[in-house]
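The following note sets out, point by point, how the secondary-structure elements of this model are arranged. Please keep the structure in view while reading.

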Amino acid sequence: MMTTKSGEQRNALMYLLPIVIQDEKCLFFMARDVTELKRAVDDRIDFEKQLLHAQKLESLGVLAGGIAHDFNNLLMAIMGNADLALMRLNPESPAVDNLKRIEQASARAADLAKQMLAYSGKGKFVVEHLDMSRLLEEMLHMLEVSISKKAVLRFNLMHPIPSVEADATQMRQIVMNLVINASEAIGDKSGVIAITTGCMDCDRNYLKDVWLDENISAGLYVYLEIADSGCGMDKATMTKLFDPFFTTKFTGRGLGMAAVLGIVRGHKGAIKVYSEPNKGTTFKILLPASDRPAELFNGHTHTDDWKGSGKVLLVDDEETVRGIGREMLQELGFTVITADDGREWVAAFKENPDVAFVILDLTMPHMDGEQCFRVLKQLKPDVKVMISSGYSEQEVSIKFVGKGLAGFIQKPYKLSVLRDAVRGIL
Ligand SMILES: Nc1ncnc2c1ncn2[C@@H]1O[C@H](COP(=O)(O)OP(=O)(O)OP(=O)(O)O)[C@@H](O)[C@H]1O
Ligand SMILES: [Mg+2]
């Protein structure tokens with residue numbers, strides 16, 4: 001390394017060679033400026049590292065998404081059967097407790113599948129124009145009961161705030177994961193978790209040291225900042241923070257931040273992290289601001305005794321899902337016809353064109369939900385179709401926009417969720 005007169009640091013390659021000129025011993029000295037060469041080599045190494053990292057992330061994502069998908073179908077059968085058994089059993093029965101434990105364990109498994117799905121970037125289903133400040137206000141109670149009693153929650157929310165195009169369920173998942181981490185970092189001590197929302201113009205320079213700056217462009221961003229006064233992180237932890245299954249906790253699974261990363265990537269956002277050991281941590285999630293006003297959240301009404309009537313066609317390639325789906329729909333008062341994605345479902349529909357609605361699985365091997373949907377609409381343009389899926393890519397759900405899809409239900413679902421979804425389309 002050499003410093004030039006102007007103080008600029010340059011890399012130089014130097015040669016020193018003893019030589020003899022006319023019987024006199026001399027030293028031959030040569031220096032070559034290799035600053036540009038070194039920079040090019042460093043850039044190339046950086047690029048290769050990034051590429052390798054991106055490939056690793058991609059294959060982990062595919063793996064996580066695949067497992068989550070199969071998991072969801074299995075959970076559908078476990079949760080659905082426990083749900084129905086609980087309904088049919090005498091409330092005094094000693095088996096009620098066991099069934100409730102099955103329900104609790106499968107809810108935890110569904111949560112795990114949800115984190116994996118989020119990491120794989122395949123869990124974004126319903127995109128709305130969201131007001132992040134309002135979303136947080138609605139979560140206040142849930143957050144208060146989820147954090148340690150020693151932690152104080154402080155809100156500092158911007159009103160009004162530009163909307164973001166996002167999936168509300170996934171935004172809640174981000175907030176939950178970050179706030180739980182903040183509370184765990186505070187531990188048994190007293191501390192503060194400050195949640196701030198706002199909006200800022202980000203230039204390329206500001207976006208330089210963020211996570212996921214691959215396709216991020218300068219512009220207006222809505223931010224969500226979650227700061228805690230907890231234990232903070234050292235450099236080594238910071239570099240592994242977003243790796244799936246990286247955890248420093250005894251009971252941790254290491255999927256929380258991986259899911260946050262997957263969701264933010266799916267929303268074309270970015271993450272900034274500031275942390276110092278023993279001082280605390282701040283996560284700043286940046287999401288592109290939209291110029292459309294926010295929509296109202298879909299409110300759910302809850303009456304548990306609702307019943308429907310008529311015929312329903314349920315198309316799914318998984319036999320377990322068909323089995324439990326049939327029982328749930330029968331419980332809701334419907335006559336159920338089931339079919340897999342082969343030829344039989346078309347025949348079944350032609351024989352029963354008067355079905356009240358059709359439930360289609362989105363990912364099936366022979367003919368996927370989208371193709372089935374097209375065929376159904378050709379056969380009967382006003383047919384009501386609900387898509388069900390354990391996982392899907394955002395682009396797939398976009399394919400249905402404007403095509404008259406009646407509804408969507410995410411697997412695994414409980415009877416009460418199915419009831420709300422069906423009531424919503426009839
Ligand atoms: N706010 C924070 N303060 C200090 N360390 C943190 C914070 N958030 C995350 N970390 C560190 O990053 C690691 C990974 O976090 P992540 O949420 O992915 O997994 P986890 O919390 O250990 O387990 P899980 O969320 O799956 O239950 C944590 O184990 C912890 O070491
Ligand atoms: Mg966590």
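Which residue in E11 does lysine 272 stand opposite? Lysine 272 stands opposite lysine 284; the first point describes the sheet concerned.

This is a predicted model, in which local features need pLDDT of at least 70 and side-chain atom pairs count only at pLDDT 80 or more, while totals for chains, interfaces and linings use all residues. Residues are numbered from 1 along each chain as its sequence is written, chains are lettered from A and ligands numbered from 1 in the order in which they are written, and side-chain values use heavy atoms, with hydrogens and water left out.

1. The mixed sheet. Helices (H or I, at least four residues) and strands (E, at least two) are DSSP runs numbered from the N terminus, and two strands pair if DSSP finds at least two bridges between them. An open sheet of five strands has the order E6-E8-E9-E11-E10, with mixed pairing. Strand E6 (151–156) and strand E10 (270–276) are at the edges with a single partner strand each, so one side of each has no neighbour in the sheet. Direction ignored, neighbouring strands are turned by 15° against each other on average. Angles run from 0 to 180 degrees between N-to-C directions, and axes are lines fitted to C-alpha atoms, for helices over the stretch in contact.

2. The pairing of E10 and E11, and the helices on this sheet. E10 and strand E11 (residues 280–288) run antiparallel and are joined by seven bridges. Helix H4 (residues 168–186) packs on the sheet, where it touches E6, strand E8 (191–202), strand E9 (219–228) and E11; contact means heavy atoms within 4.5 Å. The direction of H4 makes about 30° with that of E9. Helix H6 (residues 256–266) also packs on the sheet, touching E10 and E11, and its direction makes about 145° with that of E10.

3. Two positive phi values. Most residues other than glycine have a negative phi, and most peptide bonds are trans. Lysine 268, in the loop between H6 and E10, has a positive phi near 55°. Asparagine 278, in the loop between E10 and E11, has a positive phi near 65°. Are these two residues buried or exposed? Lysine 268 counts as exposed at 62% relative accessibility, and asparagine 278 is exposed with a relative accessible area of 71%. Here buried means under 20% relative accessible area, exposed over 50%, and partly exposed in between (1.4 Å probe, protein chains only).

4. The parallel sheet. Five strands in the order E13-E12-E14-E15-E16 form an open sheet whose pairing is parallel. Its edge strands, E13 (335–339) and E16 (407–410), each pair on one side only. The twist from one strand to the next averages 20°.

5. Strand E14 and its partners. E14 (357–361) pairs in the parallel sense with strand E12 (residues 311–315) over four bridges, and valine 312 stands opposite phenylalanine 357 in E14. Four bridges also join E14 to E15, and these strands run parallel; aspartate 361 stands opposite serine 388 in E15. Why is E14 largely enclosed by the rest of the structure? Five of the five residues of E14 are buried, so the strand is largely enclosed. In a regular strand the side chains alternate between the two faces of the sheet. In E14, Phe357, Ile359 and Asp361 point one way, whereas Val358 and Leu360 point the other way.

6. Strand E15 (residues 385–389) runs parallel to E16, with four bridges between them. Methionine 386 has glycine 407 in E16 as its bridge partner. Helix H9 (residues 369–379) lies across E14 and E15, running at about 155° to E14.

7. Helices H1 and H7. Helix H1 (residues 35–88) packs against helix H7 (residues 319–331) at an angle of about 35°, with the axes 9 Å apart. Residues of the contact include Met76, Ala77 and Leu84 of H1 and Val321, Ile324 and Met328 of H7.

8. Two cis peptide bonds. The bond from histidine 159 to proline 160 is cis, with omega near -15°; proline 160 is found in the loop between E6 and strand E7 (164–166). The bond from lysine 411 to proline 412 is cis, with omega near -5°, and proline 412 is in the loop between E16 and helix H11 (415–425).
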